[in-house]
Amino acid sequence: MPFFRDIIGQDQGVRILRAFLEREQYPSALLFSGGAGIGKRTTAHAFAEALFCRAFHDANGKAKNAIEKPRENPIEPCGACLSCRKMIDHNHPDFSIVEPDGNTIKVDQIRAMEEKIIFKPLEGPRKIILIDPADKMNIAAANSLLKTLEEPPSHAMIILIASRPASLPETILSRCQKVYFYPLSQARLQSILMEKKGWTSEEALLLATLSDGRLGEALSMEVESAKALEKERYTLVSEETLNHHETLFEVATQFSHDKDALEKALSYLMGWFRDVLVFHSLRHPGENCASQFVFSWRYQELSQWAGRMSPEAVWTFLEDVHKIQMAQNRNINKTLSLETLLLQLREKVIARPVMVRSLSEK
Ligand SMILES: [Zn+2]
């Protein structure tokens, strides 16, 4: 069962939620936003547990006299009372989750939820409904939810979880109190992974990089599959891809079959060319500078890229990548966008053959 103290790197979000619990004032709708595997759902569970915990409420959801039982500070669920045990066993009557049925959350699911939340909570001080991921609601479902958000029952709290909140209608966003979840720094996640998983510093760095600083995502991966994944993403900038038209189009198609794939490809390109810029900025680049790079294990390849692209050219390219990242929520042609980017890279490679900056030069 999750405790607030186990949620790493989300201090701001946890502080906001603890403040609600301390004041016993709850918004009717919350939006947890941040990348997948960053800890949104775990935090929502810890919050619900703390809210239901009998250490602070009796069986009718009435707050216990604060003098008789002051809140632990900082607030945590006890993990042992009947309510906490029901949360652990996933059978608390006042907590429910709406998840996609197939690819989307459908209007019938939202309606069924709305029929249930009219009734008062059975045990806790509030009824909590988690909609996860809320950005998978189809339009009819979102419209139906909007009606509830406009006039929510006072005993209900709806928590929307979304990694792409921008795809939710503005009318819904404006009715939610927002809680943001941020990625951890690469160095911090690396050290957490070394400690929690016993991985070597290279392995932990690889996983920290590929998970974009999201702890849950990193913990769910295995070193071997991460290595395979890294090899796969490296094809975006490999000689093989850029030298062969056909391979280039295959790679562009492979990394644009859905939003997620494209997002990961763009994030990889951002990280890669950020490293190329770092390479340029170092006066005496050498293997001992490895810690400055995101992709330190690709030192040789990075040095080749630094030899073939000027800092200005890298900047221009990063701007182009950023433009596509920004345009993702509009209906852009994903494959065409990625193809165009890779073709631009190809031109740069053809225009400027590799000049390896070997260690002996310095
Ligand atoms: Zn408890």
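**The whole chain**

Among contacts (heavy atoms within 4.5 Å) in the chain between residues at least 6 apart in sequence, 73% join residues at least 24 apart. This is a predicted model, in which local features need pLDDT of at least 70 and side-chain atom pairs count only at pLDDT 80 or more, while totals for chains, interfaces and linings use all residues. Residues are numbered from 1 along each chain as its sequence is written, and side-chain values use heavy atoms, with hydrogens and water left out.

**Helices 4 and 5**

Select residues 107-117, which form helix 4, together with residues 139-150, which form helix 5; the two pack at an angle of about 20 degrees, with their axes 8 Å apart. Helix 4 is therefore roughly parallel to helix 5, a term for angles under 35 degrees. Now show the side chains where they meet: Val-107, Ile-110, Arg-111, Met-113, Glu-114 and Ile-117 on helix 4, and Ala-140, Ala-141, Ser-144, Leu-145 and Thr-148 on helix 5. The residues of this contact divide into seven nonpolar, two polar and two charged.

**Leu-145**

Next, centre the view on Leu-145, which lies in helix 5 and counts as buried because its relative accessibility is 0%, where buried means under 20% relative accessible area with a 1.4 Å probe and protein chains only. Leaving aside neighbours within four places in sequence, Leu-145 is in contact with Ile-110, Met-113, Glu-114, Ile-131, Met-137, Ile-158, Leu-160 and Ile-172. Finally, draw a line between the C-alpha atoms of Leu-145 and Asp-135, which are 10 residues apart along the chain and separated by 12 Å.

Technical notes:
Axes fitted to C-alpha atoms, helices over the stretch in contact; angles between N-to-C directions. Helix = DSSP H or I, 4+ residues; strand = E, 2+ residues; numbered from the N terminus. Parallel < 35°, antiparallel > 145°, perpendicular 65-115°, else oblique. Nonpolar A, V, L, I, M, F, W, Y, C, P; charged D, E, K, R; others polar. Buried < 20%, exposed > 50% of the residue type's maximum accessible area, 1.4 Å probe, protein only.
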